Amino acid sequence: MMAGSSREGAMATLDGLMPNFKFIGASLWLAWQLVLFGCEVTFMGTGLADTQVSSVYVTVNLAFAVALGVMGAFHRTSFRLVCDGALLTGAGVLATVGTALIFVLQPAGGAWYLLGAALAGLGTAPLACRSILQFAELGPRELIFMAALVQVAAFAINYTVLSVSSYVHPWLFFLLPTLSALALQAERREDRPAVPDGGWEMPRWFWRFAVGVLFFAVPTSICRACFPLFGDEAAVLVDYRRLSGALIMLTMVVVAAAALRMPRRAPYGLILYRVILAVSFVYVVLGVLGPQSGVVLGLSGAVNALISLCVWVLLARVSFTSGASTLRVFAFGYGSFTVGAVAGWGVGLVAEVGALSLDVVVTALVASALVALFVALFLFRQSDLERMMEPICVDEDDVGAPDGGRPEEPGADADAGRYASWRRACAEAAARGQLSAREAEVFELLARGLSARAISDELCISYNTARNHVQRIYAKLGVHGRDELRVLVRSLDEQGG
């Protein structure tokens, strides 16, 4: 108990010194993926063959998708798992052990090394879920910026791991999931989201979106799986891996810079919709050119990173704007995206064992690209994306009372009965919106007229945390500002009276 309290105290201190350090956890998890799925280049000396690399990828992601499905079905229990520091660390250690087993068991022959791959996939699913809980607290602009920055940091970590001594970098690689689990815990207990309530309710259009992202993952996965087919020399593969990494980092830097320059209430849904449309046309071009070109292989990595960012951002916003369980939305949405990636890599795996010719692979690539274009044009809807990305205003002039006081609350001179009635109205509104205990506390201060800045001072939390709480309260109650919130409380108060 003492050790747990000390760990939480250390994490809270770290969060106070570096509020965004917890997002490094997502970068470490992503860096682990980058190293593992590029190991036909980075682990040439281990004897891991091209077909084994693809087998590892398929096994890891199948286990990952299955784990996400289970976590989505039992989202309340899963929430407690990913928010428990010891259990989350255990998941990271499980992934570390699984990753090490891949390279320990592979030389022995057989398929036992796939057991390690399955353990790695199961262990990293909670890390991804904890990451999305943190991203779901951000506004649209901050979400896009942080998602891009996480990818840049992941590639920086990736290159750092691979640049050290060949005797050291495998061990650093094995430790990445455990380090990710530890970094993800760098936040105060009171800043963690509440246990999600509700049943299986999801926005009706969510399932259409989940099916769409499945097909979007296939084309670039086919291209990425074709890296080993392009050339037998390690130098050739290394060159194009570096080209792909450079393009991805450049793309993400541009995205992050653009997000910083955009106004808070920019039409982010429309922007993402146009990005998805553009990516779908690029898919078709890549399919026509075929994977024989190293430039195409490099470009496919950048395109995959861009569509992954869009999917991650949109899934984080679905739960925020709809009030659905964040874990359930992410588990089914990103699980669908992962299944599509497995299908694409499966095509490459079959080609690597000689069961498919390169012409058939190119045909499959073109067909999947055309399907993705159809999905972008007819399955995704601009209105859905705009609804997901609609920002909720929590600016000081919206959240605070005009005079800095507490005008809508019965004041100290009001009778006790009037004050009790007002508090019951606040409690009823909080219950209807299924607010957490912390959100209910923030809601009452908000209804009293306090600004986000004043709320942060009152509760001794960071200003950004206070803003995040206000955003979620607005979303859960279906209001768009202070005035609507106060009208809601007043109407409940009158009904109760």
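This is a predicted model: local features need pLDDT of at least 70, side-chain atom pairs count only at pLDDT 80 or more; totals for chains, interfaces and linings use all residues.

Modeller: A search of the whole structure finds 20 aromatic pairs.

Biologist: Why is the pair of F216 and F380 called stacked?

Modeller: The ring centres of F216 and F380 are 5.7 Å apart, and the cut-off for a pair is 6.5 Å. Their planes stand at 20°, and planes under 30 degrees apart count as stacked; the pair is therefore stacked.

Biologist: What makes this pair a tie between parts of the chain?

Modeller: F216 belongs to helix 10, whereas F380 sits in the loop between helix 16 and helix 17, so the pair ties together parts that are 164 residues apart in sequence. Both F216 and F380 are buried.

Biologist: Why is the pair of W312 and F330 called edge-to-face?

Modeller: The angle between the planes of W312 and F330 is 75°, with 5.1 Å centre to centre. Planes over 60 degrees apart count as edge-to-face, so that term applies. W312 lies in helix 14 and F330 in helix 15, 18 residues apart, and both residues are buried. W312 and F330 also belong to a cluster linked by ring pairs, which includes F23, W29 and Y334.

Biologist: How do you know that the length of helix 6 is close to the expected value?

Modeller: Helix 6 has 21 residues and reaches 30 Å from its first C-alpha to its last, close to the 30 Å expected at 1.5 Å a residue. The N-terminal end of helix 6 is capped by D84, with a side-chain oxygen 3.0 Å from the backbone nitrogen of A86. Among the buried residues of helix 6 are G85, L88 and F103.

Biologist: What makes D384 and R208 a salt bridge?

Modeller: The closest N and O atoms of D384 and R208 are 2.4 Å apart, and the cut-off is 4 Å; the pair therefore counts as a salt bridge. D384 lies in helix 17 and R208 in helix 10, so the pair ties together parts that are 176 residues apart in sequence.

Biologist: Why is D384 called buried?

Modeller: The relative accessible area of D384 is 6%. Buried means under 20%, so D384 is buried.

Biologist: Which terms describe the exposure of E428 and R432?

Modeller: These residues form a salt bridge with E428 and R432 having their closest N and O atoms 2.8 Å apart. E428, at 33%, is partly exposed. R432, at 54%, counts as exposed, because the threshold is over 50%.

How values were computed: Residues are numbered from 1 along each chain as its sequence is written. Side-chain values use heavy atoms; hydrogens and water are left out. Rings of Phe, Tyr and Trp (its six-membered ring) pair if their centres lie within 6.5 Å; planes under 30 degrees apart count as stacked, over 60 as edge-to-face and the rest as tilted. Helices (H or I, at least four residues) and strands (E, at least two) are DSSP runs, numbered from the N terminus. Buried means under 20% relative accessible area, exposed over 50%, partly exposed in between (1.4 Å probe, protein chains only). The expected span of a helix is 1.5 Å times one less than its number of residues. A polar contact is a pair of N or O atoms within 3.5 Å; within protein, one must be able to donate a hydrogen and the other to accept it, and residues adjacent in sequence count only if both atoms are side-chain atoms. A salt bridge is a side-chain nitrogen of Lys or Arg within 4 Å of a carboxyl oxygen of Asp or Glu.
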